[in-house]
Amino acid sequence: MVKLKVKYICQICGYESIGWLGKCPNCGSFGSLTEIKEEDVEKVEERKDIKTFLIDEIESEESKRLKSGLKEFDDLLGGGIVPGSLILLAGEPGIGKSTLLLQLAFSLEEKGFPVLYVSAEESLSQIRFRAERISDKIPSVKFLPENQLENILEVLKSNNFLVVIIDSIQTIYSNNLSTSPGGIVQVRECTSRLMNFAKSTNTAIFLVGHITKEGDIAGPKTLEHLVDVVLYLEGDRYQELRVLRAIKNRFGPTNDLALYEMRDSGLKEILDVSKKLLEERNKNISGALVVPIMEGTKPILVELQSLISRSNTTFPRRISIGIDINKLALILAILEKKLNLKLQDKDVFFNVVGGIKINEPAVDLGIAFSIFSSYYDIVFPEDTVVIGELGLGGEIRSVGNIEKRLKESQKLGFKRVILPKSKLSKNFENLILYPISDIYEGIKIIWGNKWLS
Ligand code: TYD
Ligand code: MG
């Protein structure tokens, strides 16, 4: 028997209520609750064979993964695409999501995996134009210009695609709902129905999700809970570097990243990330230095830059790109208190080169030295890298993955490392190590006693 159930869902935050309300009690929006009729199908008891399994009887996911041929992309997913997985690719408009997925589609098709590209946003001629840019020899990927979910599912059911790309989740809609595409209700409904299809047929589905400047995927962060993998494509639209990050991955490591360059002929994988990031490095400029950071399991070297200048305003500016502004404030406070830097009448600009975002404490000491270097206009030695977490008392704390960080530094030709005192105080390969226990020791080693007033 089919009963109609009515509920009200906030279009902004997804809050559900059994009665209509003028103001959403969760997010405070007015007039955002929309009536949704749901078919409440009474459940018929299904007879299922219930049995147990031995580990040996369970097929491993690993053996079934589809290798797309885009090496960095496969690595990021943990070794290829898991059949039946639902993968969200999120990013700001114009960053290159459609380009990346078109390249993926071509590469998969070339390897003999049938792919469907559903274009709910762009015309076929736009896609053709993009395809011609990225490849001379266009493989036989199928395209479907459609934005109604039921029609898309119809095509999927009558074909055997291994991988389906939906571009984008915000522009498709289900006939079952009266609300407009892009709203939280539609996005959630479409995602969960595609999820069911993916799981029941073992088809891998990629969803493109546009995010706003505030970082929401069309309001719903909720989408992230529904899918198996969340990838973010980031970067500056006006520069060529793109960072693809796995924020969530049920089948592999999270917080790994792949780097790309946006060329005239599509996205090109950057294999040597550190080398690329240090290519246009500033060597004899105060405020600039290099730190080894960990991106998931991968060590990479990035350049930090500071610029301290006299402020003309009552409220000096604190601008930070690539690190949390609160972290910058904290480090400035430590420098003022412990090293007597007078920053209250200075503007502070801080930047992580290459559009990389860092949120690990191992860069604290690097940030502090970068600011110190700019403040006194003294150059940091170009053959040295810095590792260490900075405590409120100016003490240096140990961090993880020291060996990986040292190996990467050595590989890129650095000679000396300032690092926290720990068991690893003997020299490492061709590097000279300077273990320190507080920031004063570090300053003495780099610039000498005279800077400690
Ligand atoms: P696109 O993939 O359409 O972005 P999204 O799907 O995330 O909105 O890429 C948009 C930008 O990339 C566009 O400004 C043009 C640029 N681009 C290149 O520079 N080279 C290329 O080969 C292609 C296909 C696009
Ligand atoms: Mg697009």
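A disulfide is a pair of cysteine sulfur atoms within 2.5 Å. The model shown here is predicted. A search of the whole structure finds 0 disulfides.

**Cysteines**

- Cys190 is buried, because its relative accessibility is 0% and the cut-off for buried is under 20%.
- Cys10 also counts as buried, with a relative accessible area of 0%.

**Ligand 1: the shell**

- The shell around ligand 1 holds 15 residues. Those that come nearest are Gly94, Ser98, Thr99, Arg263 and Gly266.
- By class, the shell has 6 charged, 6 polar and 3 nonpolar residues.
- Which elements supply at least two residues each to this shell? They are α3 (97-110), α4 (124-134) and β11 (257-263).
- Helix α3 gives the most, with 3 residues.

**Ligand 1: polar contacts and cover**

- Ser98, one of the nearest residues, places a side-chain N or O atom 2.7 Å from an oxygen atom of ligand 1.
- Arg130 has a polar side-chain atom 2.7 Å from an oxygen atom of ligand 1.
- Arg133 faces a nitrogen atom of the ligand instead: an N or O atom in the Arg133 side chain is 3.1 Å from that nitrogen.
- How much of the accessible area of ligand 1 does the protein cover? On its own, ligand 1 has 560 Å² of accessible area, and the protein covers 77% of it.

**Strand β16 and its partners**

- Strand β16 spans residues 346-352. The strand is mostly covered, with 5 of its 7 residues buried.
- Strand β14 (residues 298-310) pairs with β16 in the antiparallel sense, over 7 bridges.
- Strand β15 (residues 318-321) pairs with β16 in the parallel sense, over 4 bridges.
- Which residue of β16 stands opposite Ile308? Val348 does.
- Val348 is also the bridge partner of Arg318.

**In brief**

- On cysteines, the structure has 0 disulfides.
- On the ligand, side chains of Ser98, Arg130 and Arg133 supply the polar atoms listed above.
- On strands, β16 pairs antiparallel with β14 and parallel with β15.

Terms used
Residues are numbered from 1 along each chain as its sequence is written. Chains are lettered from A and ligands numbered from 1 in the order in which they are written. This is a predicted model: local features need pLDDT of at least 70, side-chain atom pairs count only at pLDDT 80 or more; totals for chains, interfaces and linings use all residues. Side-chain values use heavy atoms; hydrogens and water are left out. Buried means under 20% relative accessible area, exposed over 50%, partly exposed in between (1.4 Å probe, protein chains only). A residue is near a molecule or strand if one of its heavy atoms lies within 4 Å of it. A polar contact is a pair of N or O atoms within 3.5 Å; within protein, one must be able to donate a hydrogen and the other to accept it, and residues adjacent in sequence count only if both atoms are side-chain atoms. Accessible areas come from the Shrake-Rupley method with a 1.4 Å probe; for residues, only the protein chains shown count as cover. Ala, Val, Leu, Ile, Met, Phe, Trp, Tyr, Cys and Pro count as nonpolar, Asp, Glu, Lys and Arg as charged, and the others, Gly among them, as polar. Two strands pair if DSSP finds at least two bridges between them.
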